[in-house]
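Here is a short note to read beside the model. Please keep the 3D view open as you go.

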Amino acid sequence: MVVSCQAAPGNPFFSPESMALMARAAEAGGAAALRANGPADIAAIRAVTGLPIIGLHKLGDPSGVFITPTFEAAAGVAEAGADLIAIDATQRPRPDGTPLADQIARIHSELGLPVLADVDTHAAGLAARAAGADLVATTLSGYTNSTPATGPDVALVRSLAATLDCPVIAEGRLRTAADVRAVREAGAHAVVIGTAITNPMETTAWFAAAIQVV
């Protein structure tokens with residue numbers, strides 16, 4: 001299990017210090033690895049744990065490619081202490097025009113780190129692996145115009161796991177133990193859980209909404 005320790009502006013936990021505490025709590029609870037956004041948070045987390053860190057840097061417009069969109073963003077993440085670089089590997093235009101394969105090749109050759117491709121569709125997953133990605137994750141399923149935002153995309157996990165010759169990571173809207181079991185049974189090598197563990201503001205809102213319905 002990978003725990004994603006991230007907080008957006010407007011969240012009371014939006015600070016490197018808070019994310020370091022989240023990481024310590026996740027490790028104490030049994031996380032095998034962590035996922036973190038931005039050099040500042042990654043460096044703070046690296047200072048308090050020896051767990052592997054999947055690093056990324058969200059930059060630019062969230063409606064397009066914004067998860068570690070350039071090699072320079074990847075280099076900053078690596079310098080902060082990430083062990084693996086997560087990048088947007090959807091088939092949308094990249095902001096600097098660099099082909100996905102070229103960005104992955106530079107991360108491999110110049111940073112010496114493996115690449116996790118965050119994808120939204122089966123086709124994007126196949127293309128990412130062909131471009132040299134070491135692992136493929138369903139992170140962006142439901143967050144682009146290609147797919148609807150519903151529950152965990154078990155079908156995508158299953159199709160990628162049955163096709164690819166690399167580990168497939170399930171991520172996105174995993175909220176319960178049943179969700180985790182479903183994606184593991186579908187062939188996920190690992191799962192990434194974020195909001196359900198590290199965003200108490202959002203999880204409180206889930207329960208508050210349920211009470212209003214009763």
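The points below go from the overall fold to the cores.

1. This is a predicted model, where local features need pLDDT of at least 70, side-chain atom pairs count only at pLDDT 80 or more, and totals for chains, interfaces and linings use all residues. Residues are numbered from 1 along each chain as its sequence is written, and side-chain values use heavy atoms, leaving out hydrogens and water.

2. The protein has nine helices and eight strands. These are DSSP runs: H or I of at least four residues for helices, E of at least two for strands. The radius of gyration is 16 Å, close to the 17 Å that the globule rule gives for 214 residues, so the protein is as compact as a globular protein of that length. Here the radius is taken over C-alpha atoms, and the rule is 2.2 Å times the number of residues to the power 0.38.

3. Of the 214 residues, 49% are buried, meaning under 20% relative accessible area with a 1.4 Å probe, protein chains only.

4. Contact means heavy atoms within 4.5 Å. Among contacts between residues at least 6 apart in sequence, 55% join residues at least 24 apart.

5. The largest nonpolar core has 48 residues. Such a core is a set of buried Ala, Val, Leu, Ile, Met, Phe, Trp, Tyr and Cys residues joined through side-chain atoms within 4.5 Å. Leu-34 is one of those with the most contacts inside it. Not counting residues up to four places away in sequence, Leu-34 touches residues including Val-2, Cys-5, Ile-45 and Pro-52. Another core, of 15 residues, lies apart from the largest one. Among its members are Leu-56, Phe-66, Ile-67 and Ala-86.

Notes
Buried means under 20% relative accessible area, exposed over 50%, partly exposed in between (1.4 Å probe, protein chains only).
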